[in-house]
Amino acid sequence: MNKHLSKLLCFLLVAISLFTLTSCKKEESSYDKNVLRIYNWQDYIDDGLDDDGNKVRLSVTELWQQDFYNRTGRNVEVVYDTFETPEIMLNQIKTGKEFDLICPSDYTIQKMLKEDMLEPFDEGALDDGYLKHVSPYLKDLFEENGWTNYAACYMWGTLGLIYNTDVISEEDVMHWKVMWDEKYKGQISTKDSVRDTYFMGVMYIYQEELIEYRNQFITGAITPDEYNKKINEIANFTDDATLRKVEEELKKLKQNIFGLEVDSGKSDIVTGKIAMNLAWSGDAVYSMDLADEEGITLAYSVPEEGSNVWFDGWCMPKGANIELAQEFMNFLCDPKIAVQNMEYVGYTSAIAGQELWDLVVDWYEADENEETTDYDLTYFFKNTGIVDEDGNEMTN
C-alpha cells in the first residue's frame with residue numbers, strides 16, 4: 001500500500017461506534033508558575049529526533065517555550081513524562097503524582113470526569129486556539145459527550161488489524177474471528193489493554209448480529225443513524241452474560257496468540273516476529289511506512305462487524321498550572337504545529353486548518369502512477385474556511 005494513501009485510512013469513517021466503559025479527589029497542589037508538567041503517551045509528539053535518536057530540529061515543546069518567551073518575556077520549563085496505557089497514567093495520578101497536562105483516551109476522560117479529577121478550562125481560554133481550529137465534526141462529538149469544558153481533542157482514529165499480506169488472507173481479516181483462527185497460531189499479537197481487547201471480544205461473540213445489521217444498512221432497511229445506534233448498543237454490552245462469554249473467548253485467544261503488547265507490535269510486525277496485530281490506526285501507518293522501506297507489504301483492515309473510533313484529549317488534573325496548560329494546548333492547535341505532529345507520530349490530528357487539508361492533498365497526489373480511490377472528507381473539513389484545489393470553499 002502506498003504510504004501516503006495509507007495515512008488517509010485514519011480519516012475514514014467506517015461502521016463504527018464510540019466504545020466507552022463507564023479515586024479519590026486530589027487536594028489542590030502548589031506549583032511553580034513557570035513549570036509545565038506534561039504526561040503523554042509514548043511517541044505521541046514531535047520530539048525533534050530522527051529514527052536513530054539524533055537531534056535534528058527543535059521539538060514541539062521547545063518551539064512552544066520559544067514562542068511563549070517571545071510573547072511574554074518569561075522563560076518556562078517543561079517536565080515531560082510518558083506512559084504506556086491510560087490505566088498507568090490514572091494510577092500515577094491517584095497515588096499522588098502531580099501533572100499539569102495529561103492526554104488520556106476517551107473512556108479515561110469519562111472516568112476522570114465522573115470522579116471529579118479534572119479542572120475545567122477557563123472561559124474563553126481556548127477560543128482563539130483549539131476551538132478556532134478543531135474540526136466541527138469532532139467539536140460536536142465532544143459536545144455531545146459533555147467533554148467540551150474539560151478536554152481538547154488531540155488525535156483520533158480507528159481500531160483494526162494490521163497484517164502481512166504474504167501471510168494473512170485479505171478475506172480473513174474482514175472479520176474479527178481471524179484472531180482466533182488456529183492456522184495463524186503464534187503469529188498474532190493483541191493489545192495489553194482491557195478496553196480494546198474486551199471490545200474485540202464483544203465484536204467476536206456478537207458477529208452474527210453485527211453482520212445482519214450491516215446487511216440491513218447496505219440494503220437500506222435501516223438508516224445510518226439506526227445502524228450506528230445498534231452497533232453502539234452491542235459495543236457497550238457489559239452485562240454478566242456478555243462478560244462471561246468474552247472471558248471464555250479471550251482465554252481461548254490467549255492460546256492462539258504470540259503475546260500481548262502495548263507499543264512493540266508496530267515494530268514486531270515489520271521484523272517478522274508476528275504477521276498480524278490488533279492496532280490503532282496511527283501505529284498501523286507507522287508500521288506500513290517502515291515496512292515499505294524494507295520491501296515488506298503490510299495492510300490495515302477494519303473488520304466488517306465494526307470497530308470503534310477512539311479519541312485522545314488534553315486535560316488538566318486537579319491542582320494543575322492552568323495558565324501554562326491552556327497556553328500549550330492552544331499552541332498544539334496551531335495548524336502548522338498540528339501538521340508537524342501528525343507527520344511525526346502518524347496519527348490523525350483533530351485540527352482542520354488549511355495546512356491539514358493541503359497535507360492530505362499532498363498524500364493523495366504523491367504517486368501519480370498508482371491507482372487511487374476517492375474519499376469524501378468533507379464531514380471533517382466542512383465549514384472551516386478550507387479552500388480545495390479548485391479554489392472552492394468547503395461548506396458541505
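**Figure 1. Lys94 and its salt bridge in the predicted model.** Lys94 is partly exposed, with a relative accessible area of 26%. The structure is a predicted model. A salt bridge links Lys94 to Glu115, and the closest N and O atoms of the pair are 3.2 Å apart. Lys94 belongs to helix H3 (residues 86-94), whereas Glu115 sits in the loop between helix H4 (106-114) and strand E5 (118-119), so the bridge ties together parts that are 21 residues apart in sequence. A search of the whole structure gives 23 salt bridges.

**Figure 2. A salt bridge between Asp172 and Lys183.** The closest N and O atoms of this pair are 3.1 Å apart. Both residues lie in the loop between strand E6 (152-164) and strand E7 (188-191), so the contact ties together parts that are eleven residues apart in sequence. Asp172 is buried, at 19% relative accessible area; the cut-off for buried is under 20%. Lys183, in contrast, is exposed, with a relative accessible area of 52%.

**Figure 3. The salt-bridge network around Asp263 and Lys266.** The side chains of Asp263 and Lys266 form a salt bridge with an N to O distance of 3.3 Å. Through shared partners, salt bridges join Asp263 and Lys266 with Asp43 and Asp283 into one network. Asp263 counts as partly exposed, at 24% relative accessibility. Lys266 is buried, with a relative accessible area of 10%.

**Figure 4. The open sheet of strands E3, E2 and E4.** Three strands make up this sheet in the order E3-E2-E4, and their pairing is parallel. E3 and strand E4 (101-102) stand at the edges with a single partner strand each, so one side of each has no neighbour in the sheet. Strand E2 (residues 35-41) and strand E3 (residues 77-83) are joined by seven bridges. Across this pairing, Leu36 stands opposite Val78 in E3, and Asn40 stands opposite Thr82 in E3.

**Figure 5. Helices H2 and H13 against the sheet.** From E2 the chain passes through helix H2 (residues 60-72) to E3, in a β-α-β crossover that is right-handed. H2 lies across E2 and E3 and runs at about 155° to E3. Helix H13 (residues 322-332) also packs on the sheet, where H13 touches E2 and E4. The direction of H13 makes about 55° with that of E2.

Figure 6. Leu36 is buried, with a relative accessible area of 0%. Not counting residues up to four places away in sequence, Leu36 touches Trp64, Glu77, Val78, Val79, Asp100, Leu324, Ala325 and Phe328. Val79 is 43 residues from Leu36 in sequence, yet their C-alpha atoms are 6.1 Å apart in space.

**Figure 7. Trp64 in the largest nonpolar core.** This core holds 103 residues. The members that touch the most other members are Trp64, Ile102, Leu138, Met179, Met276, Phe328 and Phe381. Strand E6 supplies the largest share of the core, eight residues. Nonpolar side chains tend to be buried together in soluble globular proteins. With neighbours within four places in sequence left aside, Trp64 is in contact with Leu36, Val76, Val78, Leu324, Glu327, Phe328 and Phe331. Apart from this core lies another, of ten residues, which includes Ile162, Val270, Met288 and Tyr300.

**Figure 8. Strand E10 and its pairing with E6.** E6 and E10 pair in the antiparallel sense over four bridges. At one of these positions, Asn164 has Leu298 in E10 as its bridge partner. Side chains in a regular strand alternate between the two faces of the sheet. Strand E10 (residues 298-301) is covered on both faces. Leu298 and Tyr300 are buried on one side, and Ala299 and Ser301 are buried on the other. Tyr300 is also among the members of the ten-residue core.

Methods: Residues are numbered from 1 along each chain as its sequence is written. This is a predicted model: local features need pLDDT of at least 70, side-chain atom pairs count only at pLDDT 80 or more; totals for chains, interfaces and linings use all residues. Side-chain values use heavy atoms; hydrogens and water are left out. A salt bridge is a side-chain nitrogen of Lys or Arg within 4 Å of a carboxyl oxygen of Asp or Glu. Helices (H or I, at least four residues) and strands (E, at least two) are DSSP runs, numbered from the N terminus. Buried means under 20% relative accessible area, exposed over 50%, partly exposed in between (1.4 Å probe, protein chains only). Two strands pair if DSSP finds at least two bridges between them. A crossover is right-handed if, with the strands pointing away from the viewer, the path from the first strand over the helix to the second runs clockwise. Contact means heavy atoms within 4.5 Å. Axes are lines fitted to C-alpha atoms, for helices over the stretch in contact, and angles run from 0 to 180 degrees between N-to-C directions. A nonpolar core is a set of buried Ala, Val, Leu, Ile, Met, Phe, Trp, Tyr and Cys residues joined through side-chain atoms within 4.5 Å.
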